[in-house]
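Hello,

Here is the structure I said I would pass on. My notes on it follow below.

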Amino acid sequence: MAEDGLDVGEEGGKKGGKKKLIIIVVALLLVLGGGGAAAFFLLGGEDESGASAEESAEMSGDAGASATGPAIYLELDPAFVVDFIVANKQRYLQLNLTVKSRDQVQIDAIKIHMPLIRNSLVLLFANQNFDELQTLEGKIALKTASIESINGILTQETGSGGVEDVLFTNFVMQ
């Protein structure tokens, strides 16, 4: 009789184990199916018109410019050094620049045309008023002029400008 009771317990345990296994498998399939569906809709779906953002940019003629892509930074090495004569004293400006763009094609164009860009920037920096560069407004104006200078060269050489910002990573006046 003790053996009969033991057998009943084993059968009940096996049935309960099978039920647990089936429940776990069904739950796992539901989770994986839901995750796969979510990934499909979030990552793989296109908009209603059937054209992705890349295709839309190509259709509009801005195939190289991506205003929503990740920022790409290019440091212009070596540092720019410009001298000034202020009140019969020699003064210096040392400036490190990094350009920001969202278009790898334009970053490559900057690398190709680096001598022309550096020449333009040296002339721009040397033509500044030393006293004005000591103010925030002077630095902002120089930053704006630098962006325009680089974009002007890129437009002339490649047909479109792509520099979004110029960052002064080092600005020393002495």
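Asp103 caps the N-terminal end of helix α3, with a side-chain oxygen 3.1 Å from the backbone nitrogen of Val105. Please keep in mind that this is a predicted model.

The helix itself covers residues 104-112. Which of its residues are buried? They are Gln106, Ile107, Ala109 and Ile110. Seen down the axis of α3, these buried residues fall within an arc of 160°, so they line one face of the helix.

Next, the salt bridges. How many are there in the whole structure? A search finds three.

One of them joins the side chains of Glu164 and Lys100, at 3.4 Å from N to O. Glu164 is in strand β3 and Lys100 in strand β2, so this pair ties together parts that are 64 residues apart in sequence. Is Lys100 buried or exposed? Lys100 has a relative accessible area of 16%, and since buried means under 20%, it counts as buried. Glu164, at 40% relative accessibility, counts as partly exposed.

Glu164 also forms a salt bridge with Arg102, where the closest N and O atoms are 3.0 Å apart. This pair links distant parts of the chain, 62 residues apart: Glu164 is in strand β3, while Arg102 sits in the loop between β2 and α3. Arg102 is partly exposed, at 23% relative accessibility.

The side chains of Asp165 and Lys143 meet in another salt bridge, at 3.5 Å from N to O. Asp165 belongs to strand β3 and Lys143 to helix α6, so the pair ties together parts that are 22 residues apart in sequence. Lys143 counts as partly exposed, with a relative accessibility of 26%.

Regards

Terms used: Residues numbered from 1 in each chain as written. Predicted model: local features only at pLDDT ≥ 70, side-chain atom pairs only at ≥ 80, totals over all residues. Heavy atoms only, no water. Buried < 20%, exposed > 50% of the residue type's maximum accessible area, 1.4 Å probe, protein only. Helix = DSSP H or I, 4+ residues; strand = E, 2+ residues; numbered from the N terminus. Arc of directions from axis to C-beta. Polar contact = N/O pair within 3.5 Å; in protein donor to acceptor, adjacent residues only side chain to side chain. Salt bridge = Lys/Arg side-chain N within 4 Å of Asp/Glu carboxyl O.
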